[in-house]
Amino acid sequence: MGRIEMYIDSKPGSLIDERTSENATSEYKKYLSKRFRKDLPTIIERTKKLSNIRTTNTNPCLNLLLESREAYTKGLFYSTIAMAGISAERYAIEISTKIVFKSSNKEISLEDLFERLSQSQRIKILSELGLIGSEIKNELNEINKIRNKYIHPKLIGDLEKDALIIVNRMAKILEIEFNENYYIKEGKLVPKAKKWLIQILLIQ
């Protein structure tokens, strides 16, 4: 084992300490401005590699996806993979609200149960119930594989490449979902007929 040295980041403290706040804030602004100018060309080049997004502004996965894309452009690739993975899980859990169990006339939402399942189990259930097609199923499975790869350090691959793949796959899922649920007529967004709620009866 090499030499162990202590790492200290006292910046937060210096920014709020009345004795150092003014000078620390000024210096930090200069640092951030300089770093942004330096990183700007790389941020633009990474942005060019991202897929376009087409979804609705009410999609519960949108903000998670936008955050993961922001992380990617700034070179925060572990954060990109984590956020895109969370976005995919949120997507699967949201779809589970279309499933209702009925037992003795009492409805039981599957959403709580879905939060306890693994993502692979969620994907399998949604696919078998016909709530996602084969294309979305494949995209979700590939996202899950990449996410799981980085949970286990020995399986880590090309971090930047995988970050781009996972974030673009999530954008593709939202695009597919949008096309399945909406169409544009005379410049206006029109919802298609909604899918039926799936009810599963439990016979006691």
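This is a predicted model: local features need pLDDT of at least 70, side-chain atom pairs count only at pLDDT 80 or more; totals for chains, interfaces and linings use all residues.
The protein has eight helices and five strands. From the N terminus on, the order of elements is α-α-α-α-β-β-α-α-α-α-β-β-β. The protein has 204 residues, and 31% of them are buried. Among contacts with a separation of 6 or more, 61% join residues 24 or more positions apart. The accessible surface comes to about 14100 Å². Carbon and sulfur atoms contribute 53% of that surface.

Helix 7 covers residues 134-151. With 18 residues at 1.5 Å a residue, helix 7 should span 26 Å. The end C-alpha atoms are 26 Å apart, which agrees. The buried residues of helix 7 are Ile136, Glu139, Leu140, Ile143, Asn144, Ile146 and Tyr150. Seen down the helix axis, these residues fall within an arc of 165°, so they line one face of helix 7. Ser134 and Lys145 lie on the other side of helix 7 and are exposed. The cover over the buried residues includes helix 4 (77-95), helix 6 (119-128) and helix 8 (159-181).

Glu139 is a charged member of the buried set in helix 7. Its relative accessibility is 6%, and the residue therefore counts as buried, the limit being under 20%. Glu139 forms a salt bridge with Arg169, with the closest N and O atoms 2.8 Å apart. Arg169 lies in helix 8 and Glu139 in helix 7, so the pair ties together parts that are 30 residues apart in sequence. Arg169 has a relative accessible area of 25% and is partly exposed. The pair also belongs to a network of salt bridges that links Glu135, Glu139, Arg169 and Lys172.

The salt bridge count comes to 15. Helix 8 takes part in another of these pairs through Glu160, whose side chain meets that of Arg46 at 3.7 Å, N to O. Glu160 lies in helix 8 and Arg46 in helix 2, so this pair ties together parts that are 114 residues apart in sequence. Arg46 is buried, with a relative accessible area of 16%. Glu160 is partly exposed, at 31% relative accessibility.

Glu45 pairs with Lys48, and the closest N and O atoms are 3.0 Å apart. Both residues lie in helix 2, three residues apart, about one turn of the helix. Glu45 is partly exposed, with a relative accessible area of 42%. Lys48 is exposed, with a relative accessible area of 61%.

Helix 2 (residues 21-48) also contains Ile44. Together with Phe36 and Leu40, Ile44 forms a nonpolar patch on the surface. The three residues have about 260 Å² of accessible area together. Ile44 counts as partly exposed, at 42% relative accessibility.

A backbone feature occurs at Glu186. This residue is not a glycine, yet Glu186 has a positive phi of about 55°. Glu186 lies in the loop between strand 3 (182-185) and strand 4 (188-191). At 75% relative accessibility, Glu186 counts as exposed.

Terms used: Residues are numbered from 1 along each chain as its sequence is written. Side-chain values use heavy atoms; hydrogens and water are left out. Patches are made of residues with over 30% relative accessible area and no salt bridge: like charges are joined within 9 Å, nonpolar side chains (Val, Leu, Ile, Met, Phe, Trp, Tyr) within 5 Å. Accessible areas come from the Shrake-Rupley method with a 1.4 Å probe; for residues, only the protein chains shown count as cover. A salt bridge is a side-chain nitrogen of Lys or Arg within 4 Å of a carboxyl oxygen of Asp or Glu. Helices (H or I, at least four residues) and strands (E, at least two) are DSSP runs, numbered from the N terminus. Buried means under 20% relative accessible area, exposed over 50%, partly exposed in between (1.4 Å probe, protein chains only). The expected span of a helix is 1.5 Å times one less than its number of residues. The arc is that of the directions from the helix axis to the C-beta atoms. Contact means heavy atoms within 4.5 Å.
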